[in-house]
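Please keep the sequence and the structure in view while reading.

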Amino acid sequence: MAVTSALILIFVGAIFLWSLLDRWKSHVLKRPPSPLKLPIFGHLLHLTPSLLDPNKLKIKWKFMVDFMNNNYKPPYIITHELSKQYGPLTNVKFGVNNSSIIFNNGKPYREIKHFTVKNLKDFGFGKKQNMETAVEDELVDFLHYFQQTTLNDGPRTIKMEHMFTLPVLNILWIMVAGLRFSYDDEKLHRLIKVVEEISKTHDIGGNILMAFPGLRFLFPELTGHAHQLRLYSKLHQFFRDIMHMRLAENGFLQFDCADTPRDFTDIFIQEMNKRKKVNGNESQIFTEEQFIMVCLDLFTAGAETTANTLDFAMFYLMLNQHVQKKVQAEIDEVIGPNRLPRLKDRHMMPYTEATLLETQRMCNVIPLVHRVSIADTTLGPYNIQKGDVMVMNTYSIHMDERIWGDPHVFRPERFLDKDGNVNNLPSFMPFGMGKRVCIGETLARHTMFTFFTAIMQRYSITPAEKYKVPEVKPVKGYTLNPEPFYTYVQPRF
Ligand code: HEM
């Protein structure tokens, strides 16, 4: 007994000593302060969902907070000031895949990002006229589907769970592959399931692989890595089929660049052929694999984010009837009941716009943005080493009392100035910031405005009586989404 107690004491003492030494080393090396670190486990104990709680964050993840407390300035100001002193802070490495956009860096990243944004524009990506057509065409079908759902699922009570994923995926499909799925297409529903499951397997708050990536090789099933790979391979196959179908089309390989491409897939194949002519089969970029990776980026980054934000908008408006009434009054005044909302209405509808901004501030579908330092550097008083992962916690910025006063209150007015115009608040950054800012912002904003406004124009929503209203607690994954909820839908006319 005494021996066991002594061994335990020695073990605990050794851990304590190790932690003290580590702290001292960090201090001498001017590393950013961090919570208590344990041998082998590092900071794993702190990598819990509390990562998202700004109050706990204040105690546990003191770096940015300490940094700001001396003379409090919001992080975006600090980043801006430091970049003047230290050079471009956004020139950092993020990931290791040199085919995709999201996990790519340097020249290959710039090349594929530029190509994608430039060429998707011709098919509706952020270009006013084409984008409007793609979004509005989808809206007509969605409204029909929405109406059917309200009638079929009990008397005007509907379950809100990924209601918007389907139309958002369709809008992306049109631009990428010129295809639309019907709303009961099995294949589309399978695709949606896979995209959703992939998001869930990337729980950024508490996934053990975030702390010990090496475990995936030792315990592929136990850590969920094998499951992740199976999901990804389904998605890969989906995009591979698209490309193969195109390549199989008569004479496509001889497709002349002067011909009119129908969508992003055509453009990509043209570029592949061009590069092949110059480099033979040696080309590392514009390959079939790269096409798959870029599609993966667009669908995983674009679908859930936009659709989840729309789900949240419904949720907040169901709970905030006074906001819903104001939005509807504005819709009635600017659009009326007889036509669908259009892009040009947006600038005449500041309250509706502010409501969507407030939704984004509160829902934080992408709560954390990661960067990896590409070189040893200093940030303020701290040394940052090459390979250090830095996390921008947009959730804590959007929910910081010092910036917003009453962050937990849903109040669109905070985004309006005294004349009722929309205020661009610099501490609001749902699409990230800097060189890696979201490429889909324009499309996402337009899609959200059109779908949200069209629903509010036609229906009023209130909590469904016999169902419990879920807590305002997002479900975690790579993106956040609200818990499924039931709402009572009343047609307005
Ligand atoms: C409400 C909807 C959306 C939100 C909140 C959102 C948010 C974000 C955020 C926070 C980032 C990271 C920015 C950074 O690292 O600083 C990002 C990157 C990205 N987003 Fe979005 N996004 C949305 C919609 C879309 C759409 C519709 C697409 C495309 C179809 C898209 C494609 C991308 C891509 C490709 C990147 C990586 C950009 C790069 O690394 O250079 N996003 N998004």
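The expected span of a helix is 1.5 Å times one less than its number of residues. With that in mind, and remembering that the model shown here is predicted, one can turn to helix α15, which covers residues 350–363 and has 14 residues. From its first C-alpha to its last, α15 reaches 20 Å, close to the 20 Å expected at 1.5 Å a residue.

Is α15 largely enclosed or largely open to the outside? Twelve of its 14 residues are buried, so the helix is largely enclosed by the rest of the structure. A residue counts as buried here if 20 or more other C-beta atoms lie within 10 Å of its own. The buried residues of α15 include Leu-356, Leu-357 and Met-362, and also Glu-353, Glu-358 and Arg-361. The buried residues pack against α13, α14, α16 and α18. After α15 comes Asn-364, whose phi is positive, near 45°.

The chain as a whole has 18 helices and seven strands, and buried residues make up 32% of its 493 residues. Among the contacts between residues at least 6 apart in sequence, 69% join residues at least 24 apart.

Three of the strands form an open sheet in the order β1-β7-β6, with antiparallel pairing. Strands β1 and β6 stand at the edges and have a single partner strand each, so one side of each is left without a neighbour in the sheet. On average, neighbouring strands of this sheet are turned by 40° against each other, direction ignored. The antiparallel strands β6 and β7 are joined by five bridges, and Pro-463 stands opposite Thr-487 in β7. Helix α13 lies across β1, β6 and β7, running at about 70° to β6.

| β1 | 157–160 |
| β6 | 459–463 |

Terms used
Residues are numbered from 1 along each chain as its sequence is written. This is a predicted model: local features need pLDDT of at least 70, side-chain atom pairs count only at pLDDT 80 or more; totals for chains, interfaces and linings use all residues. Helices (H or I, at least four residues) and strands (E, at least two) are DSSP runs, numbered from the N terminus. Two residues are in contact if their C-beta atoms, placed from the backbone, lie within 7 Å. Two strands pair if DSSP finds at least two bridges between them. Axes are lines fitted to C-alpha atoms, for helices over the stretch in contact, and angles run from 0 to 180 degrees between N-to-C directions.
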